[in-house]
Structures are given as C-alpha cells and as structure tokens.
Amino acid sequence: MLKREEIFPVFRKTRYVVHVDLDAFFASVEVLLNPELKGKPVVVGGLPHERGVAATCSYEARKYGVHSGMPLRQCYKLCPQAVFVRGNYHLYQAFSEKFFRILREYTPDVEEASLDEAYLEFTRCRHLYPSFSETAREIKRRVEKDLGLSVSVGAASNKILAKLATKKAKPGGFFELQPGEEEEFLRELDISEIPGIGPKAQVMLRLLNVHKIADLWKLPLGTLRSLFGAPSDELYLLSRGIDCRLLEVEGKPESFSRETTFLQDIWDRELLLAHLAYLCDRLASALRREKLYARVVEVKLRYSDFKAVSRRRRLLLPVQETSRIYRVARESFLELWEGSRLALRLVGVKGSELVEARHLSLFEIYSEREERLSQALDRVREKYGFGSVLTVREKMLGEVYPEDRSRGFILKTASLTR
Ligand code: DCP
Ligand code: CA
C-alpha cells in the first residue's frame, strides 16, 4: 500500500476543474414548462402502459425507487400517482444548447460530457479570474437564473474528483473538494461510483468483500489486472483520485452533418423529402449558430439492403440558409434515389468546406431579408424548441409521428416551403 503522500499529490495545486450537471434534466424541463408538476413525481419517457423505459424522473419519483432505464410499467407499479410524460427531445436539445452557450462565456475549455453535463477548466484563462471558487458559484447562479433549471456543481483538482464532488452536491448543491481532503472524501464512497466499474465488475469485487473505495485500495495492482485486464491501471489510479485526463474540448469543426435512421424503412417520396427538409433545416441552424457557410453539400442515402450512396455538390456560392441548402440537397436526392423500388433506412445531409461569414466576399452575401428571417427563426427556436416553428414540409413529419408532434405553428414562407 502506498503512503498517503505518494497517493494524493498529483495536480493538486495546478488544476481547477469544475463539473456541472443539470438535475433530473428532462423532468426538470417538463416541470419548468408546466408548473403544475412542481413537487410531484414525474416520469419522462412514455405513458404508464407503453413499452419502453423511463429516460429520467424527478427527485420526487426517485423516492419511490423509480430511476432512469426502468421499464415504464415497473415505474407505474412503484409510483402509480406519478405524472407520466412522453417528452420532447428537441426541446431538451434547445435547453442543452443554451446551457453550453452560458458555460462557454466563462472559458473556452468546456467538455460536453453529455447533453446536460460538462467539465470546465480555467487553467488557460486563470488571469481573468481572481477566485475560481467564486467563478464556479457564479456559473451555478447564472445557469439557474437563465435556464430556470436546478444544477449541481462540483470542483476539484481533476475530472474524476470534480464529478464525484458533483454527485455529493446533488441535487442543487455546490461542493468543492479542498486539496488534502481527497483521501477522506473517497474512502467511504461505494465502488459503483467509479466510472468503469460496471455491474459485472461490482459483483466480482463484492465477492472479494470489496464494497467501498477504501477496500479497493487494499487490492494490489496485480490482483486487479488478473481480474479486469487492461483497464485495471486506470481503475487503480482513478480509485485513488489520480486522474491526468485533459478535457476533450472540441476544436473548430470541419463539417456539420445531420442524419436520421428511420424506425421503419421508408418508400414514400414525400415523406423522404420531409425528412430531408428537416435535416437541412437542422444543418442550416447549426451553421448559423457557428456563423459558418458551407461550400459543399452532400446527401447520403442508405437502402434497406444497407447499400449506401452519396452525392456531393460544390457550390459557387457557399450556403447557410435552410431553403438554399434544401434546394441543393433535394436535387442530389432525386438524382440518387432509385424510386420506390427499394426502401430507404437512412437519409443524411452534410455541409463541408466551411467558410466563416466574415471571409465571404460581397458577392457571396445573400439578401438581408433572408438573414433577418433566419435570425428571427433562431430566436424563437432557442426559446421554445426547434419544433416550435416548422415548414409545411417538415410539419408532415409531425403528422406521421404524432407522438413527436410539434407544439408550434407552421411557417408559411414561400422561400422556406418551396
Ligand atoms: N437519459 C436517458 N436515458 C438514460 C439516462 C439518461 O434518456 N438511460 C437522459 C435523461 C436525463 C438526461 O439524459 O434527464 C441526463 O442524464 P443524467 O444521467 O444526468 O440524469 P438526470 O439529469 O435525469 O438526473 P441527475 O440529477 O441524476 O443528473
Ligand atoms: Ca443530469
């Protein structure tokens, strides 16, 4: 067994990593938009007697043993008084995008760990912040105020410790692990808290009477290796709170793509075009958010026999706006598509050779009217979710998949509907 000083000195003084995680994310959004649900057990993912599992549930529902991944019928058995909602993924995505925009105001070093979870580091901009601790608290307040959602924040000297600190802070708290406190903090935690120790590994370890992290410290590295093979070294270090993983911060993208694999293969031309229009709209909105234009638009199709085909078009004028992207994509689609002979299982659209707006020449800039329309559209969608404004063509998807029906109205603009 290593001595304490040998175990816990790494990066203690040099890094400050903050982990931010929204509480009961999907459920909290539902409560925010429907205040009647406040204080009630809420299950998101489907109605009580539907097939499928809960995506998540409010903390009130968790008291009854309900948790994410649990079959809906079982959730109902445990908590029949819960309010069940199907959920609206586009809406959660809009909240998620806003969440990351807030975080990026504080540092460019943001790792998107999932839709509602991020790591932040201030090492590169430490001169801007006299107190990291105060900044971490300020970020928590900002997220709560601007999103209206409850968030938990953990801070420590590396990723694993920051994530575990958040867990301790949940729900709605702030917990900062001070240098020197690592050993006491980790000692009593259950082994399941360490990422990488899945259900199977847990069973094996518990048979060896290893339940808490401190029990794990007693196992020599050789024993761990004989049990778990290659991942043991990481496990050995993480269980001691030693973690030199850097944040995985996304660089500038080289392309943007959006694709859909259908639940059931599709033959219908109009329905396929509706999907294509929707994907172009999403692609356009991603480009606008990054202030980028695409010189190349590529359409990809995969048939029910898995054969894939694609067509790229390099354009004289780079595009950013939905109707322009759709026009090009539609042409490519109709050239590629073999008619209704074979059903399609996937449609995708990609924009590449990206150009920043400020690098466009005067000739490449489009009408102000189109730009104003797009900006207005983006503002509404940011506030009410992507599905709040749909073109007539996209609206067709809502009729085909009623459970994902948009809450909004149809945008009747010729340039967008075609
Ligand atoms: N999610 C899902 N299916 C899962 C797990 C999660 O669809 N099996 C979705 C729903 C969650 C969101 O991802 O709201 C974030 O997942 P988290 O694990 O962070 O769980 P919550 O945010 O719901 O709760 P917590 O407060 O524990 O973070
Ligand atoms: Ca969460």
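Predicted model: local features only at pLDDT ≥ 70, side-chain atom pairs only at ≥ 80, totals over all residues.

**First stop: helix 9**

Select helix 9, residues 199-207, and pick out its buried residues: A201, Q202 and L205. Look down the axis and you'll find they span an arc of only 100 degrees, so they sit on the same side of helix 9.

What do the buried residues of helix 9 pack against? Show helix 10 (213-217) and helix 11 (221-228), and you have their packing partners. Then step just past the end of helix 9 to N209, which takes a positive phi of about 70 degrees.

**Back up the chain to I194**

Go to the loop between helix 8 (182-187) and helix 9, where I194 has its place. Is I194 buried or exposed? Its relative accessible area is 2%, so I194 counts as buried. Leave out neighbours within four places in sequence and display its contacts: I213, L216, L235, L238 and S239. If you'd like a distance on screen, draw one from the C-alpha of I194 to that of G241; they are 47 residues apart along the chain and separated by 9.8 Å.

**The calcium ion**

Next, select ligand 2, a calcium ion, and show what coordinates it: D21 (OD), L22 (O) and D116 (OD), at 2.1 to 2.3 Å. The site has six donor atoms with angles of 76 to 173 degrees among them, and is octahedral. Along the sequence, the donor residues follow the spacing D-L-x93-D. Trace the two aspartates back and the pair links distant parts of the chain: D21 belongs to strand 1, while D116 is in the loop between strand 5 (110-114) and strand 6, 95 residues away. D21 and D116 are both buried.

**The largest nonpolar core**

Now for the largest nonpolar core, which has 38 residues. Start with V18, L103, L120, F122 and V143, the ones with the most contacts inside it. At least two residues each come from several elements, among them strand 1 (17-22), helix 2 (25-33), strand 6 (117-121) and helix 6 (132-147). Helix 5 gives the largest share, seven residues. Colour by domain as well: domain 1 (1-20 + 90-250) and domain 2 (25-89) both contribute residues, so this core lies between them.

Zoom in on F122. Which residues does F122 contact, leaving aside neighbours within four places in sequence? Show Y16, V18, Y106, T107, Y129, F132, T135 and I139. There is also a second, separate core of 36 residues; I266, L292, L336 and V347 are included in it.

Find S332 in helix 14, residues 322-336. Its relative accessibility is 0%, so S332 counts as buried. Beyond residues up to four places away in sequence, S332 touches V299, R311 and R313.

**Zoom out**

With everything back in view, the chain shows 17 helices and 14 strands. Of its 418 residues, 49% are buried. And among contacts between residues at least 6 apart in sequence, 66% join residues at least 24 apart.

Terms used
Residues numbered from 1 in each chain as written. Chains lettered and ligands numbered in written order. Heavy atoms only, no water. Core = buried A, V, L, I, M, F, W, Y, C linked by side-chain atoms within 4.5 Å. Buried < 20%, exposed > 50% of the residue type's maximum accessible area, 1.4 Å probe, protein only. Helix = DSSP H or I, 4+ residues; strand = E, 2+ residues; numbered from the N terminus. Domains from an automatic or database assignment. Contact = heavy atoms within 4.5 Å. Donors = N, O, S within 2.8 Å, 3.2 Å for Na, K, Ca; no water. Tetrahedral: all angles 85-135°; square planar, octahedral: opposite > 155°, others 65-115°. Arc of directions from axis to C-beta.
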